[in-house]
Amino acid sequence: MTEEEFKAGQVLLFDKPLEWTSFQLVNKVRWLIRKNFKIKKIKVGHAGTLDPLATGLLIICTGKATKTIDMLQGHEKEYTGTFTLGATTPSYDMETEVDKKFPTEHLSEEKIHKATEAFMGDIQQYPPVFSALKKDGKRLYEYARKGEDVEVSARNVNISEFEITRIDFPEVHFRVVCSKGTYIRSLAHDFGKELESGAYLSSLRRTRIGAHEVKDAHDLDSFINEYLTGEE
């Protein structure tokens, strides 16, 4: 691909590696393009953050295609992953240590499957306090990491599909199709409450954004080989 094509605008699909931030992947792609064409500047951005502990589809736009980011972010998303039952963490995932444990003896496979019904359709959801949302000019996680209390407002989201695909107790495997703004970490936490037993998100993979699927995504090596000169 030529420099002009990247500047005119490309929508690139990447499979974000575990423990990378979305920002790190964008920076790496920008650096590779700049290095390959020996240019100082090019616009590069992503359409929807993935947490460091999540993998899967991250759409990265270059040049004039960055103008489509808002539209891409609005598309429905599909995720697969696992909840771990019987405990909670402050971040609702594995970023922080378990803070509370709960009984699970009352749980059955039938109850676990039935609990998904409470989250179908339009629902109100509270984002995690360990999130990048801003309040009074600061990220929520900045308050949370200092142990400061912060009030978080509920938001309206839509869950069109939510199924339990396998139960390996205490892990529950799931698939979710949801609207923009849905926090799967919050869904894990609320799912635990619905079961009267804690839960946290123990793995997450984004498999689709709109019509774009992770099976069509690049890793960095295949991106270099297909779009650049083949030299990192």
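**Exercises on a predicted model**

Leu 228 counts as buried because its relative accessibility is 12%, where buried means under 20% relative accessible area (1.4 Å probe, protein chains only). This is a predicted model: local features need pLDDT of at least 70, side-chain atom pairs count only at pLDDT 80 or more, and totals for chains, interfaces and linings use all residues. Residues are numbered from 1 along each chain as its sequence is written, and side-chain values use heavy atoms, with hydrogens and water left out.

**Exercise 1.** Find the surroundings of Arg 206.

Step 1. Arg 206 sits in strand β12 (residues 199-209).

Step 2. Look for a salt bridge (a side-chain nitrogen of Lys or Arg within 4 Å of a carboxyl oxygen of Asp or Glu). Arg 206 is buried and has none. Asp 51, the nearest side chain of opposite charge, is 9.0 Å away.

Step 3. Turn to the backbone. The Arg 206 side chain reaches the backbone oxygen of Gly 48 at 2.8 Å.

Step 4. Residues that Arg 206 touches include Thr 49, Leu 50, Lys 77, Glu 78 and Val 214, with residues up to four places away in sequence not counted.

Notes. Helix = DSSP H or I, 4+ residues; strand = E, 2+ residues; numbered from the N terminus. Buried < 20%, exposed > 50% of the residue type's maximum accessible area, 1.4 Å probe, protein only. Lys, Arg positive; Asp, Glu negative; His and termini not counted. Polar contact = N/O pair within 3.5 Å; in protein donor to acceptor, adjacent residues only side chain to side chain. Contact = heavy atoms within 4.5 Å.
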